[in-house]
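Reader: Could you walk me through a few spots in this structure, please?
Author: Gladly; here it is.

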Amino acid sequence: MHVQEWLESVPAVAVYVLVGPVIGLESLGIPLPGEIILVSSTLLASRHGDIAPVILGACATAGAIIGDSVGYAIGHRSGRPLPARLGARFPGHFGEGHIATAERSFRTWGVWAVFLGRFVALPRIFAGPLAGVLRMPYGKFLTANVLGGILWAGGTTAVIYCVGIVAESWLKRFSWLGLVAAVLIGVTSMLVLRRKAGKAVPGPAAVTAE
């Protein structure tokens, strides 16, 4: 079976079930490719009549909001030891540099770090757990979490779906181009953030002082 035909045979329910949990787990603090899954699923929806973009966007939004809230609860309960444990398990995503950069952004931007972090790969993973660790008031966190989740997940779904519909004939020839572009953008942003995080690692004295 041709790849395109196989993709169009994927049940809509399977796509919904995949998108929500993956984005939820990513928002909870587990490094998964949530944005790539959302973009590729939305492109598929633009050529798959059974996949409703509204339901897809709702699943992505629910996953983002619930995942962030669970991450906040875990961070709030675990406290400071949590970043160290995550760093031991996922050193490529939760190293000292990443944690230092994330904490600095939270201290600088406050609740805006939760809202704006939704649109960048690594901060999207950090936001919920770190907000809990730093004891951000839950009301403020929830407001930023809900607004950021709706705008990021719903907005991404709407924009990518419209692009897919408008460029349908073009995408039939280059069906994976959007996915490849999303992967490249995601990898590039991650590398840039890692580099900035590496430069921002404070020395032991600085960490103690903070």
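Reader: Where does Asn 145 sit?
Author: Asn 145 is placed in helix α9, residues 138-166, where helices are DSSP runs of H or I with at least four residues, numbered from the N terminus. This is a predicted model, so local features need pLDDT of at least 70, side-chain atom pairs count only at pLDDT 80 or more, and totals for chains, interfaces and linings use all residues. Residues are numbered from 1 along each chain as its sequence is written, and side-chain values use heavy atoms, with hydrogens and water left out.

Reader: Is Asn 145 buried or exposed?
Author: Asn 145 counts as buried because its relative accessibility is 0% (buried means under 20% relative accessible area, exposed over 50%, partly exposed in between, with a 1.4 Å probe and protein chains only).

Reader: And what does the side chain of Asn 145 reach?
Author: It reaches the backbone oxygen of Ile 65, at 3.0 Å.

Reader: Switching topic, how many aromatic pairs are there?
Author: The structure holds 5, counting rings of Phe, Tyr and Trp (its six-membered ring) whose centres lie within 6.5 Å, with planes under 30 degrees apart called stacked, over 60 edge-to-face and the rest tilted. One of them is the tilted pair of Tyr 72 and Tyr 138, with 5.1 Å centre to centre and 55 degrees between the planes.

Reader: Why does that pair tie together separate parts of the sequence?
Author: Tyr 72 lies in helix α4 and Tyr 138 in helix α9, so the pair joins parts that are 66 residues apart in sequence.

Note on methods
Helix = DSSP H or I, 4+ residues; strand = E, 2+ residues; numbered from the N terminus. Polar contact = N/O pair within 3.5 Å; in protein donor to acceptor, adjacent residues only side chain to side chain.
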